[in-house]
Structure formats: structure tokens, C-alpha cells
Amino acid sequence: MEISLAKKLQVAGLRAGSWIFPKLAAQGALDLFLTPQRVPRPASEQELYASSKKYVLGGGIAAYEWGPEKGPLVVLVHGWSGRGTQMAAFAPALTAAGYRVVALDGPAHGASEGTQTNVGDYSQFLVNVQKELGDFEAVIAHSFGAGCSVLAVAKGLRAEKLVLVAGPAHYEKVVNNYFKFVQISSAAEKYFIQLLSKKVGLTPKEMNVGAIGSKLHVKALIVHDRDDKEVRYAAAEEIQSAWPQAEILATEGLGHRRILKDAKVIEQVVQFIQK
């Protein structure tokens, strides 16, 4: 994603200030880290958006629904700076198979309320919306949303199956990659970790998707493209290494986002949920 001039200037200011005011710079870097970008809905999603039933759940969470009201529920969860209709290509095949499908705009994303979110907040919102939507037959989650869905089940979310598409394995790596981008001082990095851990309720090191998943009683399918440039395929292998019960569906040539609209992937995901 292209970085705006304003953001580049903001990062430059944080970088310089972190050597003199590390606590202040850490807070500024954290605010930047926790603020997603609201990306406009592209034309390719308009048809499915138009055909959905739209409503707002508690906490100001926007929802988009397709399929029979009484069907088993499959929930679609997008990633960072995404939106619910980004996942909507799964809906036609799922509804044809008799499932009720609900896509959600996560906190601070799409049409939902908020300006910032984090792993702890994002996982908790899934637990909260289940009180209104009912039990989940499955969750299909992308990227940032994948790990958050695993954490949500650890927090009490009821789901029979999880489909984790292009998700990172270790959030410590996500934070370290961010540090390479902002290049704040080591003192500011320490304050950043403290602030983030307090907000999330876990340290970045503890947010190990495979380790958390291995303790859950839920069937999981990891879907990942070998050519993904944003979250490398090695993440899928790392998750399965810690969580050997999880299956892997490997693809090629689809990258990080096209994988969400690929007909063969959708077919195999629906078959996994039906098993």
C-alpha cells in the first residue's frame, strides 16, 4: 500500500524525537500502528454489497448478510484495512450449499465505528457479536483477521471450524517489521511493547497463532499462497508446525488478496466446511 507524504513526515518526526522523548515517540508510533486505513469499496464488490441484507450490531459493527435465515452460520472476517465485502466472494457458493453468511466490518474498518483497533479488541469483537448472531458453524478469516479469530476461540467464541487465509504466524514478527519501518530508538521500542501489551492483554511474543490454536478443540484449514509477498508462505508452515491438527491448502500465483476470489479456493473451503 502506498504511503502518503503526511505519513512519511509523521514517521520522520517520530524517528527523530524518539532519541529525546522515547515515551512520547512510542505513544505516537503506537497510535500510527493501531490506526487502519479505510479503503473505499471497489466496483468488483458492489454487486454482492447491493444484494446483501445490511444492519448494525452492538458496538457499531456493520454487518452484511446473505442466504437462508435459519441456515448454519458462516462468518467472514477481513484483515487490516479491509472490509467485510472484501470476503463476499465466498457467499454465493456458501448460500448455494444452504449456509447463512454474515460478513463483518471490524472495529475501525469499513462502516463500523472507531478509529483504532488491536489484536485484543478485534478478537473480542467476534466474541461479542456472537451474542447477537448465535453459534458459528465456521469462520473464514483473512490476514490479520485470521490470528484474531484463533484468539477469539481461545476467549470463548463457539465455532466448529476455522479457515485461516494468508494469516501471519507470529505477531512479534509483525511488530518487528513495523519497527524496521518506523526506526525509532531502542528505548522507544521498549515503551511501545509495554503500551501495546497493556492494550492487547498479551505480549507480541505470546500472540503465537499455532501455539494458541493447538490448545483449541476446533478444526482448522490454513489457506496460503506460495507467492504471497505480504505474509510469506512460511507462516502457514510455522502455524501447522505448532498446530499439527490443522490442514494446509497451498496455492500458487494468487498472492495475498486474489486468493479471496479464486473459484477453486472457494470450492475447497466450502467442501472443508461441509465435511
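Q: Which strands does helix H11 lie across?
A: In this predicted model, helix H11, residues 263-274, lies across S3, S5, S6, strand S7 (219-225) and S8. Its direction is at about 160° to S6.

Q: What about helix H6, which strands does that one lie across?
A: Helix H6 covers residues 144-154 and lies across strand S3 (73-77), S5 and S6. Relative to S5, helix H6 runs at about 145°.

Q: Ok, the sheet then. How many strands, and in what order?
A: There are 8 strands in an open sheet. The order is S1-S2-S4-S3-S5-S6-S7-S8, and the pairing is mixed.

Q: Which strands stand at the edges?
A: Strand S1 (53-57) and strand S8 (247-251). Each has a single partner strand, so one side of each is left without a neighbour in the sheet.

Q: And how much are neighbouring strands turned against each other?
A: By 20° on average, with direction ignored.

Q: What holds strands of a sheet together in general?
A: Strands of a sheet pair through backbone hydrogen bonds, and the pairing is either parallel or antiparallel.

Q: Do S5 and S6 run parallel or antiparallel?
A: Parallel. Strand S5 (residues 136-142) is joined to strand S6 (residues 159-165) by 6 bridges.

Q: What stands opposite valine 139?
A: Leucine 162, which is in S6.

Q: How does S4 pair with S2?
A: In the antiparallel sense, over 4 bridges, with strand S2 being residues 61-66. Within this part of the sheet, tyrosine 64 stands opposite alanine 103 in S4.

Q: And with S3?
A: S3 and S4 pair in the parallel sense over 5 bridges. Here valine 77 stands opposite leucine 104 in S4.

Q: How far is tyrosine 55 from histidine 170?
A: Their C-alpha atoms are separated by 34 Å. Along the chain, the two are 115 residues apart.

Q: Change of topic: at what angle do H1 and H2 pack?
A: Helix H1 (residues 5-17) and helix H2 (residues 22-33) pack at about 155°, with their axes 8 Å apart. That angle makes H1 roughly antiparallel to H2.

Q: Is their crossing left-handed or right-handed?
A: The crossing of H1 and H2 is left-handed.

Q: Which residues meet there?
A: From H1, Lys7, Gln10, Val11, Leu14 and Gly17; from H2, Pro22, Ala25, Gly28, Ala29 and Leu32. By class, this contact has 6 nonpolar, 3 polar and 1 charged residues.

Q: At what angle do H2 and H7 cross?
A: At roughly 115°, and the axes of H2 and helix H7 (residues 171-182) come within 12 Å. This crossing is right-handed.

Q: Which residues meet in that one?
A: Ala29, Leu32 and Phe33 in H2 meet Val174, Val175 and Tyr178 in H7. The residues of this contact divide into 6 nonpolar, no polar and no charged.

Note on methods
Residues are numbered from 1 along each chain as its sequence is written. This is a predicted model: local features need pLDDT of at least 70, side-chain atom pairs count only at pLDDT 80 or more; totals for chains, interfaces and linings use all residues. Side-chain values use heavy atoms; hydrogens and water are left out. Two strands pair if DSSP finds at least two bridges between them. Helices (H or I, at least four residues) and strands (E, at least two) are DSSP runs, numbered from the N terminus. Axes are lines fitted to C-alpha atoms, for helices over the stretch in contact, and angles run from 0 to 180 degrees between N-to-C directions. Contact means heavy atoms within 4.5 Å. Angles under 35 degrees count as roughly parallel, over 145 as roughly antiparallel, 65 to 115 as roughly perpendicular and the rest as oblique. A crossing is left-handed if the near helix is turned anticlockwise from the far one by less than a right angle, and right-handed if clockwise. Ala, Val, Leu, Ile, Met, Phe, Trp, Tyr, Cys and Pro count as nonpolar, Asp, Glu, Lys and Arg as charged, and the others, Gly among them, as polar.
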